[in-house]
Amino acid sequence: MKYIFIIIFIFTGCSIKTDNIYLKLPSLFSDGVILQRDTTISIWGFSKPNSNINISTSWGVTLKEKSDSFGNWKVLINSGKAGGPHEIEINSVNEEIKIRDILFGEVWLAAGQSNMEMDFNYCCNTTDNAVNEIKSANFPEIRMFNVKKKLSYNPSKEIGGSWVSAVHEQISNFSAVGYIFAKNLHTNLDVPIGIIHSSWGGSRAE
C-alpha cells in the first residue's frame, strides 16, 4: 500500500501546474484585452533577468527578445484589421503565458475626476436612464478596463484591473461617460472599442 501511494503521489505531483515565478505581464495584458488596430503596439512584462523571451501570435507574428539585468522586457508587435478573437503566447525559461480572446479595435483612455468616475449607480442617485442602459447593454465587443485605485508617491509598473465586456449588469461599474462614448463609437464605426478607465474623484490633477 505504501508503494502504491508513493507512485500515485509521483504521477499526480508531476501533473500539478504551478504559477509562473518569473514570467509575468501587467494585468492590462490579460484575457479579453482590446488592442489598437492597424498599428504597431507595445507589449511588455517581467521575467528572469537576462532570459530569452519567445512570442508568437495567432495572426502570424513571431518575435524573440531578451530581458535586461532587472528582468524587464518590451516588444513591438504589428496588429491587424479590426476583429478577432486572437491569441498571444509568451514563453521563457519553461514558463508560459497565453492571452486569449484578444480583439483589435479602437482603444481610448478615460481619465479625470468624479465626472468621469461616475458609474451607473453612483452614490446617492443613479445616472440618468441607468436602468434602461443596463437592460439594453449587449455589446461584447465593447470592453472596459477599470484601473484599481492605488496610492503611490512614485510611478508604479503594476496596476490592478481586468477587461469586462459591456453586457447587461456588467456595465454597472463602468464609467457612464466612458460607456456612452464607447457605444457611440462602436455604433458608428462597427469595430471593437476598448476603454481604459483611470479616474479618481477629488484627486489632484496629476
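Q: Is K98 buried, partly exposed or exposed?
A: K98 is partly exposed, because its relative accessible area is 31%. Keep in mind that this is a predicted model.

Q: Which residue does the K98 side chain meet in a salt bridge?
A: That is E89. The N to O distance is 3.8 Å.

Q: And where does E89 stand, buried or exposed or in between?
A: E89 is partly exposed, with a relative accessible area of 26%.

Q: Why do such side chains pair up?
A: Side chains of opposite charge can pair when their charged atoms come close.

Q: How many salt bridges does the structure hold?
A: There are 5. One of them joins R37 and E106, at 2.7 Å from N to O. That pair links distant parts of the chain. R37 is in the loop between β1 and β2, and E106 is in strand β7, 69 residues apart.

Q: What does E117 form a salt bridge with?
A: K149 is the partner. The closest N and O atoms are 2.4 Å apart. This pair also links distant parts of the chain, with E117 in helix α2 and K149 in the loop between β8 and β9. They are 32 residues apart.

Q: Which of those counts as buried, and which as partly exposed?
A: E117 counts as buried, at 17% relative accessibility. K149 is partly exposed, with a relative accessible area of 47%.

Q: New topic. What about helix α4, how far apart are its end C-alpha atoms?
A: They are 20 Å apart. The helix runs over residues 176-189, which is 14 residues. At 1.5 Å a residue it should span 20 Å, so the model agrees.

Q: Which residues of α4 are buried?
A: They are A176, G178, Y179, A182, K183, L185 and H186.

Q: Why would residues three or four places apart in a helix point the same way?
A: An α-helix has 3.6 residues a turn, so residues with that spacing point the same way.

Q: What do the buried residues of α4 pack against?
A: They pack against several elements. Among them are the strands β7, β8, β9 and β10. The helices α2 and α3 are on the list too.

Q: What comes after α4?
A: D190 follows α4. The phi of D190 is positive, near 55°.

Q: On to the rings. How many aromatic pairs are there?
A: The count comes to 6. In one of them, the ring centres of W108 and F181 are 5.0 Å apart, with the planes at 80°, so the pair is edge-to-face. W108 is in strand β7 and F181 is in helix α4, 73 residues apart.

Q: Are W108 and F181 buried, partly exposed or exposed?
A: W108 counts as partly exposed, at 39% relative accessibility. F181 counts as partly exposed too, at 35%.

Q: What about F145 and W163, what kind of aromatic pair do they form?
A: They form a tilted pair, 5.6 Å centre to centre, with 55° between the planes. F145 lies in strand β8 and W163 in strand β9, so the pair ties together parts 18 residues apart in sequence. Both F145 and W163 are buried.

Q: Which residues do ring pairs link into a cluster?
A: F120, F174 and Y179. Y179 is also one of the buried residues of α4.

Q: Now two leucines. Is L23 buried or exposed?
A: L23 is buried, with a relative accessible area of 1%. L23 is found in the loop between α1 and β1.

Q: What is L23 in contact with?
A: Leaving aside neighbours within four places in sequence, the contacts of L23 include F46, W73, I90 and E96. The C-alpha atoms of L23 and E96 are separated by 7.3 Å, though these residues are 73 apart along the chain.

Q: And L151, buried or exposed?
A: L151 counts as exposed, at 64% relative accessibility. Its place is in the loop between β8 and β9.

Q: Which residues form a nonpolar patch on the surface?
A: L151, Y153 and W200 do. Together they have about 430 Å² of accessible area.

How values were computed:
Residues are numbered from 1 along each chain as its sequence is written. This is a predicted model: local features need pLDDT of at least 70, side-chain atom pairs count only at pLDDT 80 or more; totals for chains, interfaces and linings use all residues. Side-chain values use heavy atoms; hydrogens and water are left out. Helices (H or I, at least four residues) and strands (E, at least two) are DSSP runs, numbered from the N terminus. The expected span of a helix is 1.5 Å times one less than its number of residues. Buried means under 20% relative accessible area, exposed over 50%, partly exposed in between (1.4 Å probe, protein chains only). Contact means heavy atoms within 4.5 Å. Patches are made of residues with over 30% relative accessible area and no salt bridge: like charges are joined within 9 Å, nonpolar side chains (Val, Leu, Ile, Met, Phe, Trp, Tyr) within 5 Å. Accessible areas come from the Shrake-Rupley method with a 1.4 Å probe; for residues, only the protein chains shown count as cover. A salt bridge is a side-chain nitrogen of Lys or Arg within 4 Å of a carboxyl oxygen of Asp or Glu. Rings of Phe, Tyr and Trp (its six-membered ring) pair if their centres lie within 6.5 Å; planes under 30 degrees apart count as stacked, over 60 as edge-to-face and the rest as tilted.
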